[in-house]
Amino acid sequence: MSGDGRDPGRVAVIGAGLAGAAAALTLAEAGAQVVQVAGGPGATALVAGTLDVAGASPGIPTLPWRDRLRGNVLLPRERLALHRRGAPTHPYAQLFGGGEEIDRAEREIEAAMLRLAGWLAPEGLALAGSLAANRLLPSVPGTLRIADYALGPVAGGDVLTASELAVVDLPALEGWDARALARTLAHELDALGLRKLPLSIVHPALPERLRGEAGPARLAAQLDRPEARAALAEAVAGLGAEGRVLLFPPVLGLDAHAPLIAALEAASGARVGEALAFPPYAVNGYRLQRALDAALRRAGIERVSARVRSVAGADSDRLALTLADGQGRRIEADAVVLATGRFVGGGLEACTEAVREPLLALPLYDGDGRRVDGIPAWRSARKGYGNEQPLFSAGVRTDRRLRPLGSHGRPHHARLFAAGDLLGGFDPSRERTGLGVALLSGIHAGRAAAEALRGPAGASAEPGGMP
Amino acid sequence: MRGYRGFMREFARTGSLRALSLQLRTGAAHVVRQWFRRKRSDPVAQFMAYYGPDGVARPEAETRSLALSAQDCLVCGLCNLECARVGGAPAIDPRDAVVAASRLEVDWRRLGLAPEPAGACTGCDACSRVCPAGIPIHRLQAQLLAPGAAPASDATPGRIG
Amino acid sequence: MTRQLRTRVLVIGGGINGTGIARDLALRGVPCVLAERRELGSGTSWASSGMIHGGLRYLQKDPEVTEHSCVDSGAIQRIAPHLVFRIPFLMPVFPDDPLGPELVEIGLEMYDRYVPLKNGRPHTRLTRAQALALEPALSDRIECAFTLDEWGVDAARLCMANALDAADRGATVLTHTEVVEILREPSGRVTGARLKDRIRGDEAIVEAELVMNATGPWAPQLARLAREELRLRPGKGIHLVFERRVSNLAIYAKGVDGRDMFTFPHEQNSMAGTTDDDYYGDLDRIDVTEDEVAYVLQAMQRSIPGIREHRVLHAIQGVRPTLFGFGAYEDELSRDYAIVDHGESGSAPGMYSMTGGKLASYRLMAEDATDRLCAVLGVGASCRTAELPLPGGEAKADLPALAKRFGVGLAAVTRLGFRHGARARAVLEAGEDAHARGRRTVCACEPVLDAELRHAARAEGLRKLTDCTLRVRLGVGACQGAGCAASAAAVLAEELGWDAPRSMREVAELAAHRWRAVAPVLGGAQVAAMEVHRHVSFGMLGLAEEILP
C-alpha cells in the first residue's frame with residue numbers, strides 16, 4: 001500500500017463471476033481492501049464445465065459437424081498462437097501485447113490456471129488440463145468439444161485418453177438419452193478420423209429413488225448424501241474395466257461431487273466423467289460459482305449482495321456506487337473493477353430503444369469497431385444465424401491497463417477497470433476464449449487496480465504491460 | 001353528437017339495406033334507452049359474472065409486477081438446482097412456477113387446476129436469490145397457491161387459462 | 001419406382017381450407033389425397049391471430065358475413081371445445097377517436113344480437129374508472145370503455161385436427177410433399193398431379209377426378225402449373241408475440257392511420273397485431289420490417305402506455321390470400337371468398353381454386369367447396385362437419401386426474417389437454433414404456449412432454465423438428481429451443497429412425513428458424529436469452545455455417 005501511512009484505499013469489484021472473483025482474490029492477495037458488490041449470478045454459473053483459453057482462431061473453425069479437420073485438431077498452444085495472430089481486437093491483445101509473444105502468453109495462462117485451481121481445490125472442484133494437450137469432451141447430446149482446461153467432473157469424460165466409453169443409461173431422467181448420445185458420439189469420432197473408440201450403454205440397477213424421475217436437479221442434490229452415494233456406487237460396482245470411462249448425466253452431486261466421483265471410480269474400477277451440459281442443466285457452472293463464492297468467503301472479502309444502479313466519478317475523483325436496493329445506498333471506493341458481464345450478467349442491457357452499458361453509459365464496440373450502444377439491439381443483429389453478430393461481440397474498449405475508454409478515446413476514469421465478458425471485441429460462443437478472458441482479465445484488472453492504489457495515477461493512459 | 005364526420009363516414013360505408021335497417025333500429029332503441037336513463041347494473045360485477053366462470057379474476061398490482069419480473073426468465077435452471085440443494089421439493093418446480101405465472105389473473109382453483117397445498121413451496125426464497133434475472137420466484141409460488149373461489153361447473157365450455 | 005395413387009379428389013394445400021375440405025370429403029365418404037408442401041398449417045393459417053371472431057367490423061357493410069361468422073364460430077366451438085378459448089375484449093374510447101361512445105355502443109348493441117350464436121356475452125359499458133379497475137395497464141386518457149368477447153383457437157392444431165379426422169376416415173395426408181406438375185389430358189382437363197416428397201426425394205403420381213387448389217397465397221403459383229391465371233391481392237400481416245400474457249383481456253388499439261389492432265391473449269402468450277399490406281415478395285421468406293414493428297408498438301402504446309416494458313419474444317408473419325379488388329386500401333377489401341372453377345373461367349376443367357376467406361369461416365368455405373365438388377362427382381352425402389366433433393373434442397378431459405395418474409405436472413397436462421382434448425389420455429398412455437420416459441419434460445417453456453412428441457411422430461405424421469413449433473409449441477417460449485432442441489431431436493430420432501447427421505441438421509434448422517423469428521424484434525431480456533441460445537448452438541453443439549440454413 002502507500003508508504004506514507006495513508007488510508008490503504010478501497011477497491012470495489014462489481015460482479016462475482018469468474019472475472020470478478022479473480023479480480024477480488026488478486027486484490028486481496030495483494031493486500032488491498034476489497035468490497036465485492038454482486039446482485040446475482042451471471043454467465044459463469046451457466047458454463048458447461050470447460051474453460052476455454054486458447055480459442056478457435058478466425059479461419060480455423062470450431063469443431064464442425066463435417067470432417068473439415070479430419071485428424072488435424074490443433075493443440076491448445078498452436079491454437080493460441082494462431083488466435084493471437086488473427087484477432088487484434090480481442091482482449092488478449094491488451095493483456096499480452098503483440099501476437100509475437102506467445103511464450104509470455106502461455107506462461108501467464110498456465111500461472112493463472114494454477115491460481116484458479118488453488119481457489120477451487122478446497123471445495124473439491126478440480127481443474128484439469130494444459131496447453132500441451134487437448135481434451136475432447138462429450139456433451140449431453142453427444143457432440144464432441146475441444147477443451148483446453150476443464151473442471152474435474154467433466155474432465156473424466158475425455159475420449160482422447162479413454163480406450164472405451166460406456167454411457168450410463170437413466171431412462172427416466174429429463175434431458176438424458178443414452179442411445180442418442182452414443183449414436184451422435186460415434187458419428188463425431190468417425191468424422192474426426194479418430195481411432196475407433198468402443199462405445200456401449202450400461203444399465204445399472206438403480207433403486208427407485210435414484211432413477212431421476214423428479215429431474216436432474218433433485219437427483220444431483222440427493223446424490224450429495226452419503227447413503228445415496230453408497231447406493232449409486234453399489235449399482236455401478238464392477239461396471240468398469242481397464243481404460244474404460246463411465247459417462248454420466250450432469251447429476252453427480254452439487255456440493256459433494258468429489259467424494260461421489262471418487263466412490264464411483266473406486267466401486268466401478270472405471271474413470272468417471274459427466275457429459276457437458278447446457279442450461280437448464282448446467283450443473284458445472286453452478287458448482288464453479290459456488291466454489292468461487294466459497295473462495296471469496298475464505299479470503300474474508302467483504303460482500304454486499306445488491307445490484308448496482310450507477311457508478312459516478314470522473315477523471316480522478318473518488319468513485320461512488322449507488323445500489324439498486326430500494327434505499328439507494330452508496331458505496332465509495334478509490335478504484336472500481338467492473339466485472340458485470342454481458343447481457344446474461346446484466347453488464348449490458350438492451351432497453352426499449354437502445355443497447356447500453358447501464359452503470360456509466362460507457363460506449364460499446366464490436367470487434368470491427370462499430371458502435372453498438374445507443375441503437376436498438378435488432379439493428380446490430382444480422383439476418384443469418386451463422387453470420388457474425390455485432391451485437392454479441394460488443395463490449396467496452398480498454399487501454400492496456402484494462403481501463404474502459406470513453407467515446408473520446410481516453411480512459412473514462414484513472415482508476416476504473418473492466419474485466420471479463422464486459423470487454424468487447426470477441427464473441428464468446430464462437431471463439432472459445434470466454435473463461436480464459438474472464439480469468440486472465442480479472443487477474444490483470446485486479447493487479448492494475450492494486451497498482452493504481454499504490455500511487456497517485458494520472459488521468460493519462462500510459463502504455464504499459466502487465467504490472 | 002360527437003364525431004359527426006366519423007358518423008357520416010361510417011354511415012356512408014353502410015353496405016346494404018339490411019345493414020342500414022339494422023343500424024337504424026338499433027340506433028333508435030339505443031336513444032330511447034339513453035333517454036329513459038335505465039339504470040344499468042354494476043358493469044364490473046356484470047363483467048365478472050360473464051367471465052368469472054372461465055377463470056378470469058380481478059387484477060392485482062402484485063400479480064402484475066410479478067409477471068413483469070417473471071418475463072425476464074432465461075430458463076437457466078439455477079433455481080431448480082438451488083431449491084434442490086437446500087432440500088426443497090415443492091409440487092411445482094421453481095422453473096415451472098415461473099412458466100405457469102404467465103396466466104396472470106387466472107383463478108387456478110376455478111379451473112380445478114391448482115396444486116395441492118400439501119406440496120407447497122416453503123417460501124425460503126433460495127431460488128430468488130440465485131436467479132440471474134432477480135425474479136422473486138417464491139412469491140410466484142405463493143401466488144399459484146392463492147385461494148380462490150369454488151371450482152367451475154362442468155357446464156362451462158370456455159377457458160381463459 | 002414412382003408410386004401411383006388413385007383417388008377422387010386431390011386437395012393441394014394443408015392449411016385450414018385444405019384440411020377442412022379434406023375432412024368434409026372424408027366424412028362424406030369421398031376418397032381424397034391431401035398434399036401439403038411444408039407442414040400442415042404452416043402458411044397463412046399459423047400466422048393468423050387465431051381468432052375465430054364474429055366479424056364485428058362487417059356489420060356495417062354486410063351483416064350476412066357477421067351472421068355467418070358467428071354461426072361458424074359457434075360451430076368450431078362445438079366441434080373442438082378443447083382448442084378454443086374465450087377472449088374477453090376491452091375496447092377503450094379515446095376523446096380523439098373518430099366515433100364517439102354512443103356510436104360505438106350502437107355498433108356493439110347491433111353485435112349483441114349475434115353473439116348468442118357464438119356463445120358470446122353481451123357487451124358492457126364501463127366508465128373510465130371502472131375500465132382502469134379491470135385493466136390497470138390501460139391509458140388513463142380514455143373516456144370510457146366497452147367489453148365484448150371473441151373466441152381464439154390454436155390454428156395449427158385446428159388444421160391438424162381436421163387432417164387427423166380426414167386421415168382417420170380414409171384420406172391420405174401427405175406433408176412435405178410438393179406438387180411439381182399438374183397432369184392434364186390433351187383436351188386440357190386436369191387429371192391429377194405429380195408429387196415429390198421433399199424429405200425422401202421420391203415422387204408419386206396421383207390420378208384424381210378433381211383437383212382442389214387450396215394453397216392460400218400460393219394459389220396463383222400453383223394455378224400457373226396448369227397454365228391458369230389467378231388473381232389475388234396478397235396482404236401481409238405480422239404479429240408480435242410477447243413472452244407471456246400482457247393481460248388476460250384483449251385490448252383494442254388504433255394505429256396511427258386509424259386501423260384497429262389488438263393485443264390479445266393467445267395460448268401462453270399475448271400477441272399484438274396485425275398489419276395489412278400488399279405483398280409481392282417471396283412467400284417462403286417473408287421478412288418482418290422495422291416499420292411494421294414500430295407501427296404495431298406505436299399503436300399498442302396508445303392504449304397500453306407501458307407496453308414497451310413487456311418482453312417481445314419473436315414475430316410471426318404471413319400473407320392473406322385476399323380476393324383481388326382494384327383501388328381499395330387493404331383493410332377495405334372484402335374478406336369474402338370465391339371458389340374458382342378453372343373449367344368455367346379458364347381452360348383447365350377439373351381444377352378448382354379457393355381464394356379469399358378467413359380462418360373463422362373456414363368450415364363454411366369448406367362446406368361450400370365440398371358441396372360443389374360432390375355435385376360434380378355425383379356424391380349425395382350431406383355435410384356433417386358442424387355436427388361431428390373433431391378428434392379430441394368428443395369429451396372433456398379430466399386434467400387433474402390425468403396429472404395424478406401419470407405423475408406429470410399440472411402445467412404440462414393442462415397444455416396437453418388444450419391440444420388433444422379427450423385424446424390426452426391416449427397420448428400419455430402411448431408414452432408409458434417400462435421406464436416411464438414419456439413423463440419427462442422435453443421443453444420446459446411450454447411445457448411439452450416426451451409422450452406428446454412420440455405421439456406426434458407415431459400417430460400424427462410428424463416428420464421434422466421444426467414442425468414441432470406448430471404442432472406442440474416446442475421452442476417458441478423464452479428459451480427459443482436452446483434447452484430442448486437437442487433432447488427433442490433425440491426423441492424424434494428414435495421414433496423416426498434419424499441418424500446422427502440428420503438429427504444435427506434438424507437441430508440446426510430449428511435454431512436458425514428461431515433466430516429468423518427473433519432477430520427483427522430482438523431486444524430486452526430476449527437478447528440475454530439469445531446469448532444462451534448461441535452458447536448452446538455454437539459453443540456446445542458446434543453447429544457450423546455449412547449446416548445452418
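Student: How many salt bridges are there between chain A and chain C?
Tutor: In this predicted model, the count between the two chains is four salt bridges. One of the pairs in a salt bridge is Glu353(A) with Arg308(C), at 3.7 Å from N to O.

Student: Which helix gives the largest share of the side of chain A that touches chain C?
Tutor: That is H6(A), which contributes five residues. Helix H6 (178-191) and helix H11 (428-431) of chain A each supply at least two residues to this side. By class, the side of chain A facing chain C holds 26 nonpolar, eleven polar and 15 charged residues.

Student: What area is buried between chain A and chain C?
Tutor: About 4400 Å² is buried, and carbon and sulfur atoms give 59% of that area. In terms of residues, 52 of chain A are in contact with 48 of chain C.

Student: Changing topic: what is the secondary structure of chain A?
Tutor: Chain A has twelve helices and 19 strands. Its radius of gyration is 23 Å, close to the 23 Å that the globule rule gives for 467 residues, so chain A is as compact as a globular protein of that length.

Student: What share of the residues in chain A is buried?
Tutor: Buried residues make up 63% of the 467 residues in chain A. The C-alpha trace of chain A spans about 65 × 45 × 45 Å along its principal axes.

How values were computed
Residues are numbered from 1 along each chain as its sequence is written. Chains are lettered from A and ligands numbered from 1 in the order in which they are written. This is a predicted model: local features need pLDDT of at least 70, side-chain atom pairs count only at pLDDT 80 or more; totals for chains, interfaces and linings use all residues. Side-chain values use heavy atoms; hydrogens and water are left out. Contact means heavy atoms within 4.5 Å. Buried area is the accessible area (1.4 Å probe) that two parts lose on being put together, summed over both. A salt bridge is a side-chain nitrogen of Lys or Arg within 4 Å of a carboxyl oxygen of Asp or Glu. Helices (H or I, at least four residues) and strands (E, at least two) are DSSP runs, numbered from the N terminus. Ala, Val, Leu, Ile, Met, Phe, Trp, Tyr, Cys and Pro count as nonpolar, Asp, Glu, Lys and Arg as charged, and the others, Gly among them, as polar. The radius of gyration is taken over C-alpha atoms; the globule rule is 2.2 Å times the number of residues to the power 0.38. Buried means under 20% relative accessible area, exposed over 50%, partly exposed in between (1.4 Å probe, protein chains only).
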